[in-house]
Amino acid sequence: MRSIYEKWMKKTLEVRNQNDIKENQKVDQKRNEKITIEAIENEFRYVSDFIKMEMEVNDERILIFYLESIIDASILQRHLLVPLHRITNDAILEVIPNAESIEWDQLSSLINDVINGNTIILLQNSRKIYKVDTYGPPERAISSSDTETNMLGPKDAFTESLQTNVSLIKRRIKSSKLKTKSSVIGKEARTNVSFMYLEDIANEENINQVEKRLNDIEIDGVLSTSILKQMIEDQPLSLFPVYLSTEKPDVAMSHLLDGRIAIMMDNSPEVIICPTTFVNMFNSTEDYYARWTVANMIRMIRFAGFFITILLTSTYVSVLTFHPEMLPPHLLNLLSQSRSQVPFPPVIEVLGIELVIEVLREAGARMPTKVGSTIGIVGGIVIGTAAVEAGLVSNILIVIVAVSALASFLPSSFEMSSAIRFIRYFFIVSAGFLGMYGQFLVLAWLLIHLTNMTSLGTPYFTPVIPRKWTDYLKDVFRLPYFLLNVRTGASRAKKFLTRPYGDD
Amino acid sequence: MDKGKMEKLNNYHVLFLIQNVMISMNFIRLPHVIHESGRDMWLIPIAMGVIVQLLLIPMLMLCGRFPNETLFSINRKLVGKYLGTFINLLLILYMVISVTSIVDDFIEVIQTIALGRVNKTLLFIPLLLLTLYILSGGIKTVARTCVLAFFMTVWMIYFLNWTFEPAKFTSVIPLFEVGAKPFFHSLFLGFESMLGFELVLFFFPFIINKKESFKYVTGGVWLTVFIYTLVCLACVVYFSEWQIGNIRYPILSILRAVEFSFIERIESLGLSLWIFLILSTISAYLWVAKRGITDLSSGKSQSWQAYLVVMLVTIIFFLPIDRVTRETLYEWNRYFAFSFILILPTFLLITNLFRGGKPS
Amino acid sequence: MSRRNIMIIKYLILLSLLSGCGTDGIQQASIENYGLVGIVGYDLETSDNNQYKVTVALPQSHPEAEELTQVFTVIDKEPYEAMLEIARKTEKALDFSQLRVILFSEDLVREKGILGIMERLYRDPNIGANVYIGVTKGPPEEVIKGDYKDKPQIILYLHDLMEPHLEATFRPFTTIHDFIYEATDRTSDPKVPYLEKIEGTIDISHVALFENDKMVDLLKPDEGKYMQAMARAKRLPSIGFNIQEKSGDEPYVALDLINSRSKIKSNGDLENPMVNIRLKLDGMAMSYTGEQNLEEANSRKIVEDAIGKRVEEECLKLIKKLQELKVDPVRFSESFRSRVSGDWSEDEWRNVIYPKVTFEVEATIEITSTGILE
């Protein structure tokens with residue numbers, strides 16, 4: 001795919017590429033230059049929050065640089081400015097123990113440090129440079145998640161700060177085996193990315209794979225983990241999300257304990273879990289908080305919901321268009337009465353109503369909460385009722401479409417639920433042309449596609465393509481807790497059992 | 001995870017590959033085809049199973065002597081370059097024509113039963129494209145399609161209890177009511193529904209656990225035999241002899257009697273589900289044909305080879321020849337298959353033994 | 001990986017391109033465009049016995065339609081041709097995929113075999129296997145066109161009436177598949193419910209007995225119950241008896257909610273044929289007015305035996321009638337066929353063996369409860 005795209009774009013891309021290389025060379029020249037005050041000032045020209053302070057203490061001319069917007073003013077005051085006045089000679093480490101020394105020929109690294117919220121102390125007389133971490137940008141407080149809500153269990157959610165997110169996990173898993181590897185992504189944006197795993201459980205291959213993929217990314221900046229996720233996918237063109245995104249620390253914790261890897265990024269409240277399987281997208285940690293009986297029932301409803309969404313409306317189309325013999329007499333009577341005035345073929349009727357539902361959902365999502373719910377009611381009741389009364393659609397179809405729309409929201413992953421809604425249109429259109437034959441062709445394609453997908457090298461459709469048969473006990477069904485003592489096969493954990501076997 | 005490795009097929013892959021390649025269009029009319037054997041028809045699948053079992057012995061012995069080679073390269077090695085290539089070309093042609101006949105048959109049934117108003121091209125092209133998609137994934141995807149096909153369709157056996165309900169099991173006895181001649185004639189006619197197991201000659205090098213493969217191949221064959229027997233038994237109980245002789249697709253007629261409060265007459269549904277069984281069969285055959293072309297050309301698997309075999313199927317499918325010629329073509333193809341599975345493996349095995357060939 | 005994805009896209013593009021040329025210029029129809037035939041009735045034209053009179057009923061779905069069912073009648077030599085003639089009369093495409101009931105007039109089934117007509121219908125892939133068959137007294141047209149109070153849809157009414165339900169097990173629920181099976185099988189004869197139109201309702205009053213595909217006689221509902229019991233129906237509707245008691249009284253007792261089992265065994269000897277039928281009925285005794293106390297095990301046994309005796313008598317009476325008519329709806333011959341190897345001849349059975357078969361019926365009755373009153 002990429003090769004075709006590049007073939008098409010060859011001319012444009014090549015010229016641009018040459019241009020960019022030249023630009024890059026200009027920037028690269030700056031590396032390893034000598035640090036001078038002019039050079040620093042030059043770099044931060046027109047950066048309005050760049051502050052340069054000068055002071056003189058005990059015959060030492062001290063220059064201080066920092067970016068006002070991302071440092072914590074109180075830290076600067078208490079731990080830097082106040083102690084600096086006590087300085088004697090150049091023994092800065094005595095008064096500010098956490099200062100780090102910088103070499104004079106590291107201009108680019110100094111600039112980097114300033115950008116990352118360090119304050120630079122330049123001692124002009126004794127020709128020394130130090131940096132002190134004063135990073136403290138404004139942050140959102142920890143609150144509950146809007147997208148993943150639950151009745152039971154912890155309510156806290158990740159925020160946009162990487163530090164906070166790491167600490168939310170660390171306070172849940174207090175183990176030195178919980179490792180965090182960090183790197184920086186984005187040539188311009190330089191965002192911190194870390195991934196966490198439990199060293200004694202997570203599979204080595206997976207860890208290396210994640211590290212390699214993160215290092216291979218070349219981009220100017222990443223807005224959110226949702227984008228990062230798309231850049232490290234095994235099949236970037238697939239319709240399905242192959243990694244789970246979650247805003248909830250408890251979800252991340254459950255996957256970490258299962259031997260998976262959590263990737264988190266600054267500025268992004270979602271954590272990527274990899275590898276994930278298809279069924280993981282349908283499950284939620286609330287299944288484990290609830291009693292096992294209820295949880296099992298809910299899970300079955302979710303899986304059934306998947307098939308209902310993709311097959312229900314398309315079956316309406318194919319039965320009404322091609323296979324009227326399948327209707328029992330009373331159902332036929334109902335359907336033909338409600339269809340009698342509709343001037344469109346069933347395909348058009350269904351596509352129309354499905355699109356209306358999609359529009360309603362989108363309009364509701366982009367509106368403020370109060371307006372959004374009003375739109376839902378107006379759309380659902382007013383349009384629905386009026387369309388039926390006008391004879392534009394059959395009332396049975398409204399019921400069917402509503403059920404299928406509701407069922408599409410059952411998966412716990414929002415991305416999965418969007419993917420399902422999209423696939424549904426393949427089914428409807430092919431049912432319109434080829435009836436059930438078309439529906440099952442698409443179903444066959446869908447299932448084969450799913451079986452071929454991998455998530456970080458692990459089969460995505462896992463309990464269906466068995467890794468370990470015990471996956472059914474945890475991912476598909478949910479055993480009562482005293483029996484549940486295995487990790488999933490998908491994570492290929494080093495330790496398979498969660499507790500020693502044979503203990504009473 | 002097993003990219004780059006030659007050996008990709010687990011034990012259960014082997015079982016379902018064999019089983020689902022065997023079940024395709026022929027199954028849908030099997031009871032009708034063997035109706036001459038009357039009330040003894042359910043014994044025919046068992047007899048066929050025994051024959052297949054016997055045929056498998058030389059096949060797997062041959063494979064065991066060349067564990068890393070498909071029949072194509074074994075051919076060239078044992079009978080010489082030119083004759084071997086000629087046989088390989090015939091084999092490729094056999095695979096392609098088999099696929100065409102299956103697809104042709106399937107589309108004809110779909111048109112009669114479910115989609116009378118849709119034209120042939122529209123039914124043909126998506127099916128073949130989907131096959132192309134499976135082919136691009138290699139033998140493992142083909143095997144996975146087979147596993148999927150099994151689980152997607154096996155629950156239809158439940159509907160056989162519609163037929164068993166009226167307690168007419170005495171229809172089965174007395175055994176051996178018909179004479180030997182009609183019995184063996186139906187055995188011969190019905191044997192085409194066992195075709196497919198010969199593909200083990202081609203995917204054997206891809207099996208991980210070669211030592212145990214005989215067990216799983218046998219398992220696949222007898223699973224098929226079990227399903228065939230069950231269906232034939234249902235047909236004996238449910239239909240009168242006149243009915244079996246006159247109904248072309250007895251399985252669909254059984255599905256036609258199904259009744260639920262929300263749906264009934266699910267023969268269209270059943271036929272659409274049959275897509276899985278068709279896909280598993282034709283993609284396996286085409287994979288073998290593609291493998292043959294790979295062997296003829298460079299030895300490297302490339303995507304144009306898949307396109308080529310699919311194009312061949314398309315050309316034969318749309319060839320402007322009349323129905324009778326077409327049927328003759330398919331019939332000759334069937335005879336070729338019979339002689340090929342009967343003679344070739346034994347012949348090659350004997351050649352190898354004569355030359356004192358070392359089992360590699 | 002990417003190769004596969006290109007193929008997905010190609011498939012989708014092709015599917016959307018081809019969709020334009022798949023319809024051959026004929027508008028894609030859906031259920032409201034079809035005339036979904038619900039009932040077909042066959043009758044002989046009164047003046048000319050070689051002509052068939054075919055009646056067809058289609059539902060009308062438009063909310064403002066005055067008649068909910070459209071009925072057409074056509075006379076033609078070929079019953080199948082007649083349907084094509086009807087197709088020309090309606091604005092909709094005639095479709096038989098929703099056919100529910102096929103009715104034949106008594107005249108037709110008594111005079112001519114109906115296997116030919118049934119075969120044509122059975123071969124049509126549109127027509128299902130669960131279409132119910134009925135024989136009407138008088139022309140089926142009258143039944144179809146009749147006015148039934150609060151039953152606006154004759155198709156639904158007839159379908160629900162013919163569908164299997166417990167209260168009506170005295171008669172068979174013959175579908176087109178059953179009829180073809182029984183007519184073509186070498187060991188059985190079809191049995192079909194017999195419909196009469198009586199003052200605004202349709203009454204299934206008898207069971208029509210067939211010899212192959214020609215009707216020979218009718219059975220009354222009570223006889224029908226015994227026939228069904230012997231033919232292995234699992235559940236039966238209530239049966240009432242007048243039983244003999246010591247005192248000479250003949251009190252009435254009814255058995256309800258009956259579970260029945262039957263076993264037909266033959267000696268397999270065609271020269272000296274004998275059939276033994278074992279019936280086991282268990283059910284609830286209702287409205288017993290005799291002298292025995294049913295709460296007591298011993299006296300209950302007496303009543304049970306008395307009922308058993310009546311059942312045996314009734315069965316033998318019925319079998320005698322069937323033997324005289326030379327029809328075998330219970331499949332007695334199957335018990336011989338399955339024990340005799342070699343070709344089975346239906347004619348020989350009917351004319352030579354059947355009349356000389358000695359029948360023996362053993363009925364075991366079990367009263368499971370006696371209702372709520374003392």
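Domain bounds in these legends come from an automatic or database domain assignment. The model is predicted: local features need pLDDT of at least 70, side-chain atom pairs count only at pLDDT 80 or more, and totals for chains, interfaces and linings use all residues. Residues are numbered from 1 along each chain as its sequence is written, while chains are lettered from A and ligands numbered from 1 in the order in which they are written.

**View 1. The two domains of chain C.** Domain 1 of chain C covers 3-219 and domain 2 covers 225-370. Their C-alpha centres lie 35 Å apart. Domain 1 of chain C brings 15 residues to the contact and domain 2 of chain C brings 18 residues; two residues are in contact if their C-beta atoms, placed from the backbone, lie within 7 Å. On the side of domain 1 of chain C that touches domain 2 of chain C, strand 9 (201-211) and strand 10 (214-219) each supply at least two residues. Helices (H or I, at least four residues) and strands (E, at least two) are DSSP runs, numbered from the N terminus. This side of domain 1 of chain C divides into 6 nonpolar, 3 polar and 6 charged residues. In this classification Ala, Val, Leu, Ile, Met, Phe, Trp, Tyr, Cys and Pro count as nonpolar, Asp, Glu, Lys and Arg as charged, and the others, Gly among them, as polar.

**View 2. The eight-stranded sheet of chain C.** In chain C, 8 strands form an open sheet with mixed pairing, in the order 4-3-2-6-7-8-9-10. Two strands pair if DSSP finds at least two bridges between them. Strand 4 (69-76) and strand 10 of chain C are the edge strands, and each pairs on one side only. On average, neighbouring strands of this sheet are turned by 30 degrees against each other, direction ignored. Strand 8 (residues 191-198) and strand 9 of chain C run antiparallel and are joined by 8 bridges. Opposite C:Asp203 in strand 9 of chain C stands C:Glu196.

**View 3. Helix 8 against helix 9 in chain C.** The axes of helix 8 (residues 221-230) and helix 9 (residues 297-325) of chain C come within 10 Å and cross at roughly 95 degrees. Axes are lines fitted to C-alpha atoms, for helices over the stretch in contact, and angles run from 0 to 180 degrees between N-to-C directions. Helix 8 of chain C and helix 9 of chain C are therefore roughly perpendicular to each other; angles under 35 degrees count as roughly parallel, over 145 as roughly antiparallel, 65 to 115 as roughly perpendicular and the rest as oblique. From helix 8 of chain C, C:Glu223, C:Tyr226, C:Met227 and C:Met230 meet C:Glu314, C:Cys315 and C:Leu318 in helix 9 of chain C. The contact of these two helices of chain C has 5 nonpolar, no polar and 2 charged residues.

**View 4. Pairing around strand 13 of chain C.** Strand 11 (residues 235-236) of chain C pairs with strand 13 (residues 252-266) of chain C in the antiparallel sense over 2 bridges, with C:Leu236 opposite C:Ile258. Strand 12 (residues 239-242) of chain C also pairs with strand 13 of chain C in the antiparallel sense, over 4 bridges; C:Gly240 has C:Ala254 as its bridge partner. Strand 13 and strand 14 (residues 274-286) of chain C run antiparallel and are joined by 11 bridges. C:Lys280 in strand 14 of chain C stands opposite C:Arg261.

**View 5. Helix 7 against helix 14 in chain B.** Helix 7 (residues 138-153) and helix 14 (residues 267-296) of chain B have axes that come within 9 Å and cross at roughly 160 degrees. The two helices of chain B are therefore roughly antiparallel to each other. Their crossing is left-handed, a term used if the near helix is turned anticlockwise from the far one by less than a right angle, with right-handed if clockwise. Among the contact residues are B:Ile139, B:Val142 and B:Met152 of helix 7 of chain B, and B:Phe276, B:Leu277 and B:Trp287 of helix 14 of chain B. By class, this contact in chain B has 12 nonpolar, 4 polar and no charged residues.

**View 6. Chain A against chain B.** Chain A gives 22 residues to the contact and chain B gives 30 residues. Helix 17 (residues 414-452) of chain A supplies the largest share of the side of chain A that touches chain B, 14 residues. That side of chain A divides into 15 nonpolar, 6 polar and 1 charged.
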